[in-house]
Amino acid sequence: MSASNIRHTNNMAHKKMILDLDTGIDDALALAYAVGDPNVDLIGIISSYGNTLMTTAAQNSLNLLHLLGADDVPVFLGESHSSTTNHFDVMPISQLIHGENGIGDVTLETSPRSVEQQSGVDFLIESAHKYNDDLIFIPTGPLTNLASAIKKDSAVATLIGNTTLMGGALTVPGNVTPFTEANIHQDPEDADFVFTRQKNLTMVGLDVTLRTLLTKKETTAWRALDTTAANKFAELMDFYIDAYANLNIDKKGAALHDPLAVAVGIDHTYVSTLPLSMHVTYDKESGDYGRTIGNKDKLFEPTTSKVAVLVDTNRFVSDFQAMMLSVLKK
Ligand code: CA
């Protein structure tokens, strides 16, 4: 599969994809998957804060695209902190999982390119109007950028054909608190704003991502390709697998959180979903701050939002590995 060649044909039949990444390690895997999948045209990456600072995430995305020979994909700056703060500091646990530079402390060649002048929020608004049903939007960090776009132009909530986010937890505990998943935890207010407005929303949360694990067996196969891209990706993924083991998150392997959201955005048959109108709790006194949960006042109303609750683990992990072997071989 010569993915990038197909991508460059700019076939209008292809869906357009925008990634919104707080570029840590699993974001890097999501980026590689989107670059490699011949069924979508990756038209841009918006930067977010979370695993790392927003500006670091943008530089990581530029460098990763350069590493993969995808220097035609523009990178845009997004919001640098949540809607309720004026500053963001990376959590120490994020640095333990993703490294101080967000990508496992692996050094990549600096991209010859810079970020775009246009803001990520404006790029998203423009793309929503331009591509509407053909646009797949994949946020894999906090939902601040999407919320800002909707606040600036409310049509965005109905225009984007498919929003598939990595975040939240419905049937399993959170990974920051018993109720709260990390991406949602960064900005529960804006997450609620998005969950209660965005049409055609699919939540790919810990319910499914914790069931998709990668091990050093797979990264050993990447290394065997012996390209620069394969060696660098193996190095950063091994950092993540080691962090999962050392921090007792999971000793069996490291979760493919963000790439699963990309895969589901392209092919929803990887997961089984539950139709549900959701909201996010953000009352700090309530004890369940940052919980992604069904809205009991909307149980009798039609909904366009869905929660992924089961995943075809073997099919996804095997397809993910095939995609990585294809992308990294160049
Ligand atoms: Ca992420």
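Start by selecting helix α2 (residues 25-36) and helix α14 (residues 313-328): their axes come within 9 Å and cross at roughly 75°. Axes here are lines fitted to C-alpha atoms over the stretch in contact, with angles running from 0 to 180 degrees between N-to-C directions. That makes α2 and α14 roughly perpendicular to each other, a label for angles of 65 to 115 degrees. Keep in mind that this is a predicted model, where local features need pLDDT of at least 70 and side-chain atom pairs count only at pLDDT 80 or more, while totals for chains, interfaces and linings use all residues. Residues are numbered from 1 along each chain as its sequence is written, and side-chain values use heavy atoms, leaving out hydrogens and water.

Now show side chains. On α2, pick Leu29, Ala32, Tyr33 and Gly36; on α14, pick Phe316, Phe320, Met323, Met324 and Val327. These make the contact, meaning heavy atoms within 4.5 Å.

Next, the sheet. Eight strands form an open sheet with mixed pairing, in the order β3-β2-β1-β4-β5-β6-β12-β9. Strands (E in DSSP) are runs of at least two residues, helices (H or I) of at least four, numbered from the N terminus. Two strands pair if DSSP finds at least two bridges between them. At the edges sit β3 (75-76) and β9 (271-275), each pairing on one side only.

Zoom in on β6 (residues 201-204). Leu201 and Met203 point one way, Thr202 and Val204 the other, and all are buried (under 20% relative accessible area, 1.4 Å probe, protein chains only). Strand β5 (residues 162-166) pairs with β6 in the parallel sense over four bridges; look for Thr163, whose bridge partner in β6 is Leu201.

Definitions and conventions. Parallel < 35°, antiparallel > 145°, perpendicular 65-115°, else oblique. Buried < 20%, exposed > 50% of the residue type's maximum accessible area, 1.4 Å probe, protein only.
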